[in-house]
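Subject: The structure we talked about

Hi,

Here is the structure I promised to pass on. Have a look at it first, then read my notes below.

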Amino acid sequence: MTSGLDNLSLALFTALAPAGVVAFIVLALARIFAADHDRAVRIDRIIALPFAVALLGFIASATHLGTPANALHVFAGVGTSPLSNEVLAAVVFLVLTGSYWMAAFKVNFPDALAKPWLIVACLAGIALLGCTSQAYAVRTVPTWNTPYTPANLLLAGLFEGAVLSQIFLTAAKVPLRRSGAGLTGLAAGGLVANIAVMVAQNTALGTIANNEFTAATLAPHYALIIAFYALAGLAAVALDGWALRTATNERARFIARIIAGVLAFCAVFAGRIVFYNLHMTVGF
């Protein structure tokens with residue numbers, strides 16, 4: 001058994017990186033279908049923010065390796081180790097997004113180069129989501145090796161990423177009318193679906209055991225965490241919905257969306273801490 005606090009770095013990674021990827025994909029699509037050049041330029045500048053979110057998560061996870069030299073051993077397992085595949089996917093995604101952001105500082109950055117670059121970066125982001133969701137499919141850790149693990153990670157990333165993307169689009173001065181309603185609906189859908197997954201996972205914990213205890217004893221307050229996740233998440237969605245009102249001024253909208261982003265992160269991070277508390281091997 002390990003403590004969630006001992007795995008704080010990995011909890012930060014899985015709370016930040018998937019959301020950063022989702023937010024990047026949203027901004028990339030907004031950039032690809034931008035109605036005018038000035039809007040495209042503003043989005044190019046703001047793409048630094050979802051990149052920074054994903055990068056911060058990756059840096060946090062790197063501290064889990066102990067020393068930078070251990071990263072070389074991680075890459076040695078590419079193709080055979082889910083963890084190595086995840087690290088490689090993260091590096092590829094970050095290189096593509098970071099290099100795009102730096103290249104896009106040219107005011108006349110051509111669409112013929114920008115759009116294919118963004119599409120490839122989005123595909124790399126999707127690959128990262130897939131690799132991260134499968135990184136915990138470890139047969140000797142029955143509490144992690146369940147369908148709930150990838151579902152929880154992906155749905156949490158969808159929820160938080162949809163909330164964060166509205167902050168970034170607002171910062172880029174992109175009008176959020178239909179797109180804002182769509183993103184708020186996406187966040188709400190991801191939230192509700194993940195609450196259902198967490199409830200089902202909590203119910204199943206009593207059926208998982210090793211030679212010493214059942215998995216339920218590792219997270220006795222999981223129901224309270226689920227309640228916090230639901231309340232904080234619903235508050236975030238409600239704030240984003242309120243920000244869509246035409247009568248709301250721009251400053252108030254931006255502040256509401258920032259608060260929504262903080263609430264979404266706190267909700268997801270709390271859930272990830274519980275996930276690492278659930279580490280239990282088959283024998284002991």
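Tyr100 touches Arg31, Asp44, Ile47, Phe109, Ala114, Trp117 and Leu118, leaving out residues up to four places away in sequence; contact here means heavy atoms within 4.5 Å. Before you go further, note that this is a predicted model: local features need pLDDT of at least 70 and side-chain atom pairs count only at pLDDT 80 or more, while totals for chains, interfaces and linings use all residues. Residues are numbered from 1 along each chain as its sequence is written, and side-chain values use heavy atoms, with hydrogens and water left out.

Back to Tyr100, which you will find in helix α5 (residues 82–103). Helices are DSSP runs (H or I, at least four residues), numbered from the N terminus. Tyr100 counts as buried because its relative accessibility is 0%. The cut-offs are: buried under 20% relative accessible area, exposed over 50%, and partly exposed in between, with a 1.4 Å probe and protein chains only. Tyr100 and Ala151 are 51 residues apart in sequence, and their C-alpha atoms are 30 Å apart in space.

One of the partners of Tyr100 is Asp44, which sits in helix α2 (residues 37–46). Asp44 has a relative accessible area of 3%, so Asp44 is buried. Not counting residues up to four places away in sequence, Asp44 touches Arg31, Tyr100, Trp101 and Ala104.

Arg31 turns up again with Asp111: leaving aside neighbours within four places in sequence, Asp111 is in contact with Arg31 and Pro116. Asp111 lies in helix α6 (residues 111–134) and, with 39% relative accessibility, counts as partly exposed. Asp111 and His37 are 74 residues apart in sequence, yet 9.5 Å apart in space, C-alpha to C-alpha.

Next, a pair of helices. Two packed helices are described by the angle between their axes and the distance between the axes. For helix α7 (residues 148–171) and helix α9 (residues 222–243), the axes come within 11 Å and cross at roughly 30°. The axes are lines fitted to C-alpha atoms, for helices over the stretch in contact, and angles run from 0 to 180 degrees between N-to-C directions. The crossing of α7 and α9 is left-handed, meaning that the near helix is turned anticlockwise from the far one by less than a right angle.

Which residues make this contact? From α7 they are Ala156, Phe159, Val163 and Gln166, and from α9 they are Tyr229, Gly233, Ala236, Val237 and Asp240. By class, that contact has six nonpolar, two polar and one charged residues. In this scheme Ala, Val, Leu, Ile, Met, Phe, Trp, Tyr, Cys and Pro count as nonpolar, Asp, Glu, Lys and Arg as charged, and the others, Gly among them, as polar.

Now for the empty space. Rolling a probe the size of a water molecule over the atoms shows where empty space is left. On a 1 Å grid over the protein atoms alone, a cavity is a set of points where a 1.4 Å probe fits but cannot get out, a pocket is an open set with protein on both sides within 12 Å along at least five of seven lines, and lining residues have an atom within 4 Å of a point. Grid points are joined across faces, edges and corners, and a volume is the space filled by probe spheres set on the points.

A search of the whole structure finds four cavities of 30 Å³ or more. The largest cavity holds about 60 Å³ of space, and α10 gives the largest share of its lining, four residues. Among the lining residues are Tyr148, Asn152, Tyr222, Arg272 and Leu278.

Two of those, Tyr222 and Leu278, are also in contact with Leu205. Leu205 lies in the loop between α8 and α9 and counts as buried, because its relative accessibility is 2%.

The second largest pocket has about 240 Å³ of space. Helix α10 (residues 250–277) gives the largest share of that lining, three residues, and by class the lining has five nonpolar, two polar and five charged residues. Lys173 is one of the lining residues. Lys173 lies in the loop between α7 and α8 (178–204), and its relative accessibility is 64%, so Lys173 counts as exposed. Phi of Lys173 is near 60°, a positive value in a residue other than glycine.

Cheers

Technical notes: Helices (H or I, at least four residues) and strands (E, at least two) are DSSP runs, numbered from the N terminus.
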